[in-house]
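Me: Could you take a close look at one strand in this structure and walk me through its surroundings? I would like a connected account that I can follow with the model open.

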Amino acid sequence: MTIKRLKTGIIAAATISACLAGSAAMAMESQFIGSLVYRTGPYAPGGIPWADGFADYIELLNARDGGINGVKLELEECDTAYNTDKGVECYERLKNKGSTGMPAVMPLSTGITYALLDRVVADKIPLITSGYGRADAADGRVFPYVFVPPATYWGGADIAINYIASQEGGYGNLKGKKIALVYHDSAYGKEPINTLNTLAEQLGFKFFEFPVPHPGLEQKATWLKIGRQIRPDYVLMWGWGVMNATAIKEAAAVGFPRDKFIGVWWSGNDADMVPAGDAAIGYKSLQFNSVGSDFGIHQQIRSELYAKGKGAASSVEGTGEVAYNRGIQSALILTEALRTAMAEFGNRPMTGEQVAWAMDRLNITQERLKEVGADGLFDPIQLSCADHQGKGRARVTQWDGKQWQAISDWIEPNLNMLRAMYEKSAAAYAKEKGITPRDCK
Amino acid sequence: MLYREAGEFKSTYQADQAILTIRQDRWFMWAMLAFAFLVIPLISSEYWLGTILLPFLILALAALGLNVLTGYAGQLSLGTGGFMATGAFAAYKLATAFPELHIVVVILLAGLLTAGVGILFGIPSLRIKGFYLAVATLASQFFLIWMFNKFGWFTNYSASGVISAPPMSVFGDAFVTGPYATAEAKYLFTLSLVVLFALMTKNLVRSNIGREWMAVRDMDIAAEIIGIKMLSTKLKAFAYSSFLCGISGALWAFVYTGSVEPLAFDVNRSFQILFMIIIGGLGSIMGAFLGAAFIVLLPIFLSNAPHWIGLNIPVDLISHIEFMVFGVLIIFFLIVEPHGLARLWQLLKEKLRLWPFPY
């Protein structure tokens with residue numbers, strides 16, 4: 001018997017048994033949503049809250065409004081364990097499920113993002129990478145199916161320098177200052193280097209690079225050099241997983257002031273601060289969402305889901321962690337895109353191509369954020385055919401030993417400089433891959 | 001009854017030296033090839049071709065390469081991931097520097113470059129043996145990955161250190177890389193290469209080179225005394241093994257994922273390939289394929305199985321169950337047959353000869 005027929009047989013049997021079990025027949029076709037998560041593996045502590053936030057917001061829409069415009073949402077997760085091979089398998093497994101297939105994919109890993117770049121173009125499924133992945137995908141002319149709201153690593157690097165300048169009393173005072181970058185030695189960690197080099201040339205500060213090999217448990221030599229020899233004025237960090245807590249502890253060991261130590265958003269998870277203990281107090285991190293657990297959206301999730309025992313997280317305390325809020329934000333971007341698409345194509349399940357059309361016109365305004373109870377939690381996002389990033393703003397937060405506190409307003413990166421860099425890099429990619437950039441009129 | 005050599009007389013040297021001497025084996029092999037080339041592309045979905053069979057074939061090729069080095073020549077290596085990365089980056093540099101080169105030429109040249117690198121890292125094998133050699137090859141693994149990360153030249157100065165394959169076709173519109181390549185084209189292209197190299201390897205290990213490798217594996221001092229040159233024999237094994245690993249890495253980067261970062265070939269990949277040949281069977285061509293099937297296909301089957309039978313369990317639980325069942329199965333197979341799945345296959349064939357009247 002062929003494998004395919006065997007599979008069909010098993011699926012048929014499963015469907016029949018499910019029907020016999022008395023599952024209610026749906027009145028209307030539901031919208032399938034595939035979610036690539038990592039609830040297992042070495043990075044699970046950061047992946048679980050994200051997955052819970054994503055699932056809770058989707059479930060909230062189902063429980064409160066019966067889905068989007070009457071179309072129920074049907075969420076299926078696939079566990080990648082942050083492993084690229086598994087991630088690709090998950091994507092291929094989920095992409096054709098439901099009546100219209102996966103409306104968008106959020107791979108939650110830079111490695112999986114790169115592995116899917118070609119595939120999403122062929123499958124016409126938008127790839128939404130919120131705060132990770134290829135920064136130059138902000139150029140929507142070369143990357144019609146890749147979207148990077150709300151921020152990119154290059155933007156993050158610029159925001160960090162922007163913040164340091166404001167601390168030092170203006171860009172002019174950065175001349176001669178020493179800024180070091182401690183980064184995870186992978187595609188992810190290397191993303192900000194070009195931007196920082198460019199800025200160092202423009203603003204006249206000295207820039208030092210410190211690669212940390214995966215997984216980042218051994219940083220003694222790095223921090224001895226930072227703390228004793230170079231003594232930079234500020235240290236930036238592009239770290240991941242266990243590397244974050246290790247770096248903070250090493251910084252404390254060499255006496256580097258934590259309030260001059262600024263991490264990117266992936267170095268700003270609650271789960272990474274707790275193991276560092278008191279050493280983490282005063283440490284700063286960029287966040288592309290704001291922090292807190294008492295926004296309207298959290299209250300609704302608690303009253304609609306957790307009060308009825310339907311929440312995804314194991315306890316209600318988890319709702320409001322930084323990673324959890326990011327999960328909500330990703331779900332919000334996707335569901336708002338679905339709404340936009342439905343307004344154009346009618347209230348039924350949307351295909352990936354229709355969602356890509358909607359992502360090109362996505363506009364999550366301040367008013368809309370107020371309606372969903374996330375005013376102040378997220379920054380408004382407006383995309384266009386050519387601009388797949390939006391404003392790209394982030395804010396600086398500081399760890400007080402128990403939770404993150406926002407200590408700055410939304411900081412805007414230098415969009416003109418970034419846009420020129422995105423376009424240059426995207427053009428090189430287009431040339432290499434033989435892509436003709438689309439016309440964005 | 002059905003499978004036996006009685007009545008099959010060989011009247012030429014050619015027939016006597018054939019790879020498959022029993023007629024039924026030949027039929028089986030032709031049937032397998034016909035099934036793989038003709039039937040599978042027709043009946044399989046894109047998911048099966050592009051996500052399950054493609055990585056299986058590519059990793060089987062890498063396992064074949066490592067099996068030459070470890071299984072046939074007895075040189076334990078943990079550098080497979082590094083050699084695959086070398087193949088991938090060499091193919092990328094060649095394809096971007098000379099866009100007019102044909103993909104087959106690019107892949108073969110990438111294999112040859114990797115063979116050169118393999119020879120370089122094989123030199124320590126002349127002085128160190130066994131587990132110590134494993135550590136020396138581990139150094140090559142870390143060095144190569146570090147090198148591709150460190151020097152921008154290898155990635156054409158891309159900001160993230162990621163390489164991506166330009167669209168390339170075998171002929172006309174038959175693209176095998178890039179977004180418009182169909183899963184069928186990718187599968188058939190990879191399958192052809194893998195079959196070709198498997199045949200080449202099979203013949204090589206039956207030739208005098210292969211016999212030298214096996215002599216070195218079984219007892220290097222004895223081999224040296226009967227006149228086998230250690231230097232050239234060991235380096236040949238490193239070269240050919242790296243050649244296959246390089247090709248497999250190039251296929252992984254170009255045909256399977258399309259874009260890779262060096263971390264895709266980290267030390268875990270080396271271990272994965274090593275486990276393939278240990279479970280599949282050291283010193284066996286069949287073993288490389290069986291081992292790759294076990295390591296690649298079984299986890300996918302285990303993570304899909306609860307869904308197929310209609311069970312609705314959380315994904316993290318599925319992942320944990322998958323780990324446990326997979327671990328138990330590895331232990332089970334190693335207890336039942338320490339010489340790997342290939343040995344089980346052989347036992348099956350021996351039993352089949354006597355069937356249905358065993359004595």
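Reply: In this predicted model, A:Ile262 stands opposite A:Lys284, a residue of β9 in chain A. The pairing to which they belong joins strand β8 (residues 261-263) of chain A with β9(A), and these two strands run in the parallel sense over 2 bridges. Between them the chain passes from β8(A) through helix α9 (residues 270-276) of chain A to β9(A), and this β-α-β crossover is right-handed.

β9(A) also pairs with strand β12 (residues 395-399) of chain A, here in the antiparallel sense and over 4 bridges. In that pairing A:Leu286 stands opposite A:Val396 of β12(A).

As for the strand itself, β9 of chain A covers residues 284-287, with A:Lys284 and A:Leu286 pointing one way and A:Ser285 and A:Gln287 the other way, and all of them are buried. In a regular strand, side chains alternate between the two faces of the sheet.

Where the domains meet, 14 residues of domain 1 of chain A are in contact with 15 residues of domain 2 of chain A. On the domain 1 side, the elements giving two or more residues are α2 (44-65), α4 (110-123) and α11 (322-345) of chain A, and by class that side has 9 nonpolar, 4 polar and 1 charged residues.

Methods: Residues are numbered from 1 along each chain as its sequence is written. Chains are lettered from A and ligands numbered from 1 in the order in which they are written. This is a predicted model: local features need pLDDT of at least 70, side-chain atom pairs count only at pLDDT 80 or more; totals for chains, interfaces and linings use all residues. Two residues are in contact if their C-beta atoms, placed from the backbone, lie within 7 Å. Ala, Val, Leu, Ile, Met, Phe, Trp, Tyr, Cys and Pro count as nonpolar, Asp, Glu, Lys and Arg as charged, and the others, Gly among them, as polar. A residue is buried if 20 or more other C-beta atoms lie within 10 Å of its own, exposed if 12 or fewer, and partly exposed in between; C-beta atoms are placed from the backbone. Two strands pair if DSSP finds at least two bridges between them. A crossover is right-handed if, with the strands pointing away from the viewer, the path from the first strand over the helix to the second runs clockwise.
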